[in-house]
Amino acid sequence: MFSLRVLLLTLVLLNFRLLISAETVITCDGFVQRLSCDTGVISVQSATCGRTSSQICSVGRPPSETSNTQCSIDVPAIFKRCNGLRECELNTQGLAPKDPCFGTYKYYTTNYICIPAETSVTCHGGYSYLKCENGRIQINTANYGRTDKTTCSEGRPSEQLQNTNCYSPNALAPVSKSCNGLESCEVFATHTVFTDPCFGTYKYLAISYFCLPSGVCSSIVCEHESTALNCDEGTVISIHSANYGRTDSTTCSTGRPASQLAKTDCYALNSQTVVTSGCEGKNNCSISASNSVFSDPCVGTFKYLYISYFCVLK
């Protein structure tokens, strides 16, 4: 029975990977970057602004603006705005958190994959109904706000649709709390549940989620501590998801001041890469939840490492 269950999980995971396609998009500074998935939703793996080549985005530029090829900074805004969407358009002007190299003409490089997640969009005042026919719900992304002018726009005046940079700071936590681990759930799309991120804008709740088969394992460890992932003999670890940061205000909160728990949209962009590199294909492994391993995605916030994984046949 054990071998059959593990075999089924292995087949599910292999099928999951076959559906994933990797994409890299490079956009010159000041132009519009477009990410899209024919199937599934966007999951940004890395997003940087700077220059690592003298040739890219160099046409018409003097050598003084293209010679510095040691220039790079992470751009968390791309992760925040695009994850969980099927299509995403970003004006790169001013998108980076700061200028990593004054006087150098920069470009944006985004690496992303398309993951086979379910999606749900509910206009303000309605209920989101999530359901897994087989398996249990694992929330991937959630936002109560507005990121385009067309969704939930029917009958609405233009002024209620203009703000497309509207993100609730706490959307992921209540959705995850209401739905994770269940076969079905419902969430009320209203500012009584979520913080109102843009007064006067007509909002909607957008969710992407996985239907995880039974047998998925998970681990949560607080910052400055280590976690051990283990599989039974004859099976190895296969990472499903990972994040070093904070997505709710209650996990790893004991004894911590409110100021260290308030930011709940904190993601280290290299989480999946680091955990996969250290654990994928092994029977057991240990990962430290620290800035030295993942970098610090939100200075001043007390973070934790969340990992979900399968144990599959070798």
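This is a predicted model: local features need pLDDT of at least 70, side-chain atom pairs count only at pLDDT 80 or more; totals for chains, interfaces and linings use all residues.
Colleague: Let us begin with sheets. What holds the strands of a sheet together?

Modeller: Strands pair through backbone hydrogen bonds, parallel or antiparallel.

Colleague: How many bridges join β9 to β10?

Modeller: 2 bridges join β10 to β9, which covers residues 136–146. To find the place, look at Arg146, which stands opposite Cys166 in β10.

Colleague: Which residues of α3 are buried?

Modeller: Leu172, Pro174, Val175, Ser176 and Cys179 are buried in α3. Their cover includes β9 and β12, and also β8 (127–131), β11 (184–188) and β16. After the helix comes Gly181, with a positive phi near 85°.

Colleague: Is Cys152 buried or exposed? And what about His224?

Modeller: Buried means under 20% relative accessible area, and exposed means over 50%. Cys152 has 14%, so it is buried. His224 has 61%, so it is exposed.

Colleague: Take β15 next. How many of its residues are buried?

Modeller: 12 of the 12 are buried, so β15 is largely enclosed by the rest of the structure. Ala242 is in this strand, which spans residues 235–246. Its relative accessible area is 15%, so Ala242 counts as buried.

Colleague: What does Ala242 touch?

Modeller: Leaving out residues up to four places away in sequence, Ala242 touches Ser271, Gln272, Val275, Tyr306 and Ile307. For a distance across the model, take Ala242 and Gln162. They are 80 residues apart in sequence and 34 Å apart in space, C-alpha to C-alpha.

Colleague: Where do the side chains of a strand point?

Modeller: In a regular strand they alternate between the two faces of the sheet. As for the partners of β15, 10 bridges join it to β18 (residues 304–313), running antiparallel. Another 2 bridges join β15 to β16, also antiparallel.

Colleague: Which residues are opposite Gly245 in β18 and in β16?

Modeller: In β18, the bridge partner of Gly245 is Tyr304. In β16, Gly245 stands opposite Tyr267.

Colleague: Let us finish with a pocket. What is the volume of the second largest pocket?

Modeller: About 370 Å³. The second largest pocket is lined by 19 residues. Nearest its centre lie Pro76, Ala77, Tyr267, Leu269 and Pro297.

Colleague: Which elements give two or more residues to that lining?

Modeller: α2 (76–82) and β16 (266–267) do. α2 gives the most, with 5 residues.

Colleague: How do the lining residues divide by type?

Modeller: The lining of the second largest pocket has 10 nonpolar, 3 polar and 6 charged residues. Note Tyr267 again: Tyr267 lies among the residues nearest the pocket centre, and Tyr267 in β16 stands opposite Gly245.

Terms used: Residues are numbered from 1 along each chain as its sequence is written. Side-chain values use heavy atoms; hydrogens and water are left out. On a 1 Å grid over the protein atoms alone, a cavity is a set of points where a 1.4 Å probe fits but cannot get out, and a pocket is an open set with protein on both sides within 12 Å along at least five of seven lines; lining residues have an atom within 4 Å of a point. Grid points are joined across faces, edges and corners, and a volume is the space filled by probe spheres set on the points. Helices (H or I, at least four residues) and strands (E, at least two) are DSSP runs, numbered from the N terminus. Ala, Val, Leu, Ile, Met, Phe, Trp, Tyr, Cys and Pro count as nonpolar, Asp, Glu, Lys and Arg as charged, and the others, Gly among them, as polar. Buried means under 20% relative accessible area, exposed over 50%, partly exposed in between (1.4 Å probe, protein chains only). Contact means heavy atoms within 4.5 Å. Two strands pair if DSSP finds at least two bridges between them.
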